[in-house]
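Here are my notes on this model, point by point. Please keep the structure open beside them.

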Amino acid sequence: MTRRLVLLACVVLLALIPILNLLPDASPFHVSDFIVSICGKWICYAILALALDLAWGYAGILSLGHGAFFALGGYAIGMHLMRLIGPRGVYGHPILPDFMVFLGYTELPWYWLGFDWFIFAFAMALVVPGLLALVVGYLAFRSRITGVYLSIITQALTYALMLAFFRNDMGFGGNNGFTDFKELLGMPLNTPATRSVLFYASLVVLVLAYLMCAALTRTKFGRVLTAIRDAESRVRFLGYDVTQHKLFVFVLSAMLAGVAGALYVPQVGIINPGEFSPGNSIEAVVWVAFGGRGTLVGAILGAFSVNAIKTWLTSFAPDLWLIVLGCLFIAVPLLLPRGLIGLLRRGGGK
Amino acid sequence: MSGNSLYLDGVSVVFDGFQALNNLSLVVEPGELRAIIGPNGAGKTTMMDVITGKTRPTKGTVRFGESDLTRMDEASIAMLGIGRKFQKPTVFDALTVFENLELALKAPRGPIPCLRWRLNGEARTAIERTLAEIGLTERARDRAGLLSHGQRQWLEIGMLLMQDPQLLLVDEPVAGMTDHETELTATLLRGIAGARSVVVVEHDLEFVRALGHRVTVLHEGSVLSEGSIDHVQNDQRVIEVYLGR
């Protein structure tokens, strides 16, 4: 009950932010543009945390590469945003994005076809991470690769993708990635109104994702996942095809991470291969661990609180952040094995 | 009661030159309660592993009725009606006693059927019947992590029963149990056999006597002696193996 109330309070507070932003600057309740945009980002991170918690907290699949699915979702929507720039690029080419003109492309590569439609691009933000998770997950789970070995493979996956996306001849803008976006669905991107729309869209997706995950974990499927997490071979002896169950949740989780990335990119206005860097995926794991893995509210809470610490700390001592992150990585499992939620529950009762 | 016989013929398993099973042959009839005893390293656990598909025999035949178990994986062998209780009880601590049994209940096992699963009256009755059989009705809503050692063993036996197995493999059920719990376990297993075959691997000879059925003694990977507990205990070879020369 406590957890539900915490969550509801968070959602209401968040929903107020763009409204408070409309107040005149002089008002004590005025919220700056900076807060609006940063909270919009954190909401996307919270969706990523939910996705990771579903795979790790419930099914015990510790993915150290969920940032890759997030980035792929971001790239899919980024490709759409690039197509929408049209002839307004620096080189003024009617079809090709600037980086392609610069690299001497004469026509759009085949895999860019279709991205001028929003629906197609959004579908790809789901399908591409889902397919990648399906292939990687199938190979890994079928060979019964679990625990730290799986973590290393997923980490290598996101690193390999980062190196690949850095290459100019991949056709995804190399190390500059995509930026200079103009509009989305007819709305110019850099206006407060669009920012609010994207903010609320992300918040709605977060709430829907939470409800979906909560419903899913309450089914027998959710209990099978918990059972796999705690005693995988026992589940196999009960006659369950563990590979299928893990694959199902891993693909679902990757797709949710892709949606998070797709909501993130229009808000920050840039996507580049740095988004694939292994550090990002590890940070996501820290959010979930800090908030309390295996509880959905914990994952959301963790994403917000760790990012709040990060923003606060990097504003005056940016060099300290990586050290603090490392300390959290070590201290949380030792001192707070059940995360913030564990503290709340112990303090507030049930 | 219709059932299949378990049939092992000339089964050998070699691990890196170590002969874990050596030309082992054994038949368990439908409905039979069979105890398997033997000193450490006699191959009892390896035999269980071979039957459940965890270990592939180097050579030999393992059949259950018409099915060739050496060609099947663990999940399909479990679906065939062979349930195994491990030495170390592995119930799902995070789930309640009831939920543990629900997971074990015979039902479609894929992700989609599990998502759509609703507990109906028939399933509830089956679970409640098993709860009564293993004596855990009172604890149905408690998390399995809170049970005592003996209760965890019974819950695991209950989980096997939910799968409605034809053959139950039980590995050292009474290790670490109190005398009272051991007695209850013997009664429980005697009640279970008959409708299904039960193979019990055990060290505790008093418990095997309490079961009161046929006993097979394994030694160095093959059958040393077979018969009633009295017959086996008076067999000169068994005495040598157990007491040393």
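1. Start at the contact between the chains. Helix α8 (residues 220-230) of chain A packs against helix α3 (residues 97-104) of chain B at an angle of about 100°, and their axes are 11 Å apart. Axes are lines fitted to C-alpha atoms, for helices over the stretch in contact, and angles run from 0 to 180 degrees between N-to-C directions. α8(A) and α3(B) are therefore roughly perpendicular (65 to 115 degrees). Helices (H or I, at least four residues) and strands (E, at least two) are DSSP runs, numbered from the N terminus.

2. Which residues make this contact of α8(A) with α3(B)? From α8(A) come A:Lys220, A:Arg223, A:Val224 and A:Ala227; from α3(B) come B:Glu99, B:Glu102 and B:Leu103. Contact requires C-beta atoms, placed from the backbone, within 7 Å. The residues divide into 3 nonpolar, no polar and 4 charged. Here Ala, Val, Leu, Ile, Met, Phe, Trp, Tyr, Cys and Pro count as nonpolar, Asp, Glu, Lys and Arg as charged, and the others, Gly among them, as polar.

3. A caveat on provenance. This is a predicted model: local features need pLDDT of at least 70, side-chain atom pairs count only at pLDDT 80 or more, and totals for chains, interfaces and linings use all residues. Residues are numbered from 1 along each chain as its sequence is written, and chains are lettered from A and ligands numbered from 1 in the order in which they are written.

4. Now the sheet of chain B. Its 6 strands form an open sheet in the order β6-β7-β8-β3-β9-β10, with mixed pairing. Two strands pair if DSSP finds at least two bridges between them. β6 and β10 (222-227) are the edge strands, each pairing on one side only. Neighbouring strands are turned by 20° against each other on average, direction ignored.

5. Look at strand β7 (residues 167-171) of chain B. In β7(B), 4 of the 5 residues are buried (20 or more other C-beta atoms within 10 Å of their own, C-beta atoms being placed from the backbone). β7(B) runs parallel to strand β6 (residues 82-85) of chain B, with 4 bridges. It also runs parallel to strand β8 (residues 197-201) of chain B, with 5 bridges. B:Leu169 is the bridge partner of B:Arg84, and B:Val199 in β8(B) is the bridge partner of B:Leu169.

6. Finally, strand β3 (residues 33-37) of chain B pairs with β8(B) in the parallel sense over 4 bridges. B:Ile36 stands opposite B:Val201 in β8(B).

Note on methods
Parallel < 35°, antiparallel > 145°, perpendicular 65-115°, else oblique. Contact = placed C-beta atoms within 7 Å. Buried ≥ 20, exposed ≤ 12 C-beta atoms within 10 Å, placed from the backbone.
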